[in-house]
Amino acid sequence: MDSILTLQCEKPPKLFGFDQMLNKLYEQDFNLWTEQMAIAIRERNVNDMDWDNLLEEIEDMSASQKRSLRNYYYRLVEHILKLRDWDTEKERNNTKWRVEVVNFRRSINDILEDSPSLKNYIEQNHGLWFPKVIANYDKNKLFPLKDTTTIPLEKMMDDNYFGDAESTT
């Protein structure tokens with residue numbers, strides 16, 4: 001606790017292991033660590049930066065966005081397949097599934113709006129991810145798939161496409 005209070009007041013001399021104190025703060029009180037990093041950045045104080053942990057956090061932020069994008073993509077494909085192929089449940093769940101498709105598209109578009117460079121990421125991985133969803137359905141045998149051909153990304157992201165015969169493209 002003393003090291004946290006010291007850190008808030010001013011930088012202790014190097015002989016006390018300032019870098020180790022920052023690392024300990026990072027491990028024990030992440031919120032306070034982020035506040036300290038924000039102060040150091042704002043003041044352009046490169047000597048008070050916890051570079052290793054800061055780099056790790058920046059990389060984690062990018063990975064988190066990619067995971068979110070991939071998960072929304074998986075859910076979008078799943079619901080489009082349900083609308084297209086799950087005949088026995090379609091009447092009961094059609095409206096709910098269509099709402100989910102709209103929500104997953106919106107979430108994907110929100111991420112792409114915030115980070116336009118991720119558009120390349122989803123385009124590059126579409127051909128890898130779609131078969132994974134198909135394989136999951138084949139493995140779990142929830143319902144028979146009528147077609148396992150990859151649906152083009154542009155079609156899946158089209159606001160009027162819901163995988164069923166009522167969709168317009």
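Visitor: Which residues touch the most other members of the largest nonpolar core?
Guide: L69, Y73, L76, L81, I108 and M156 do, in a core of 31 residues. Such a core is a set of buried Ala, Val, Leu, Ile, Met, Phe, Trp, Tyr and Cys residues joined through side-chain atoms within 4.5 Å. This is a predicted model: local features need pLDDT of at least 70, side-chain atom pairs count only at pLDDT 80 or more, and totals for chains, interfaces and linings use all residues. Residues are numbered from 1 along each chain as its sequence is written, and side-chain values use heavy atoms, leaving out hydrogens and water.

Visitor: Which elements give two or more residues to this core?
Guide: α4, α5 (87-114), α6 and α7 (153-156). Helices here are DSSP runs of H or I, at least four residues, and strands are runs of E, at least two. The protein chain has 7 helices and 0 strands.

Visitor: What does Y73 contact beyond its neighbours within four places in sequence?
Guide: I108, I122, H126, W129, F130, L153 and M156. Contact means heavy atoms within 4.5 Å. Apart from this core lies another, of 10 residues, including F18, L22, L32 and W33.

Visitor: Why are α4 and α6 called oblique to each other?
Guide: The axes of α4 (residues 51-85) and α6 (residues 118-140) cross at roughly 50° and come within 9 Å. Under 35 degrees would be roughly parallel, over 145 roughly antiparallel, and 65 to 115 roughly perpendicular; the rest is oblique. The pair is therefore oblique. The crossing of α4 past α6 is right-handed.

Visitor: What is the make-up of the contact of α4 with α6?
Guide: On the α4 side, Q65, K66, L69, R70, Y73, Y74, V77, E78, L81 and K82 take part. From α6 come L118, Y121, I122, H126, W129, F130, K132, V133, I134 and Y137. These residues divide into 13 nonpolar, 2 polar and 5 charged.

Visitor: What makes Y137 count as buried?
Guide: Its relative accessibility is 4%. Buried means under 20% relative accessible area, exposed over 50%, and partly exposed in between, with a 1.4 Å probe and protein chains only. So Y137 counts as buried.

Visitor: What does Y137 touch, not counting residues up to four places away in sequence?
Guide: E78, L81, K82, L142, F143 and L145. Y137 and L81 are 56 residues apart in sequence, and 9.4 Å apart from C-alpha to C-alpha.

Visitor: How many of the 169 residues of the protein chain count as buried, as a percentage?
Guide: 40%. Among contacts with a separation of 6 or more, residues 24 or more positions apart account for 63%.

How values were computed
Axes fitted to C-alpha atoms, helices over the stretch in contact; angles between N-to-C directions. Left-handed = near helix turned anticlockwise from the far one by under 90°. Nonpolar A, V, L, I, M, F, W, Y, C, P; charged D, E, K, R; others polar.
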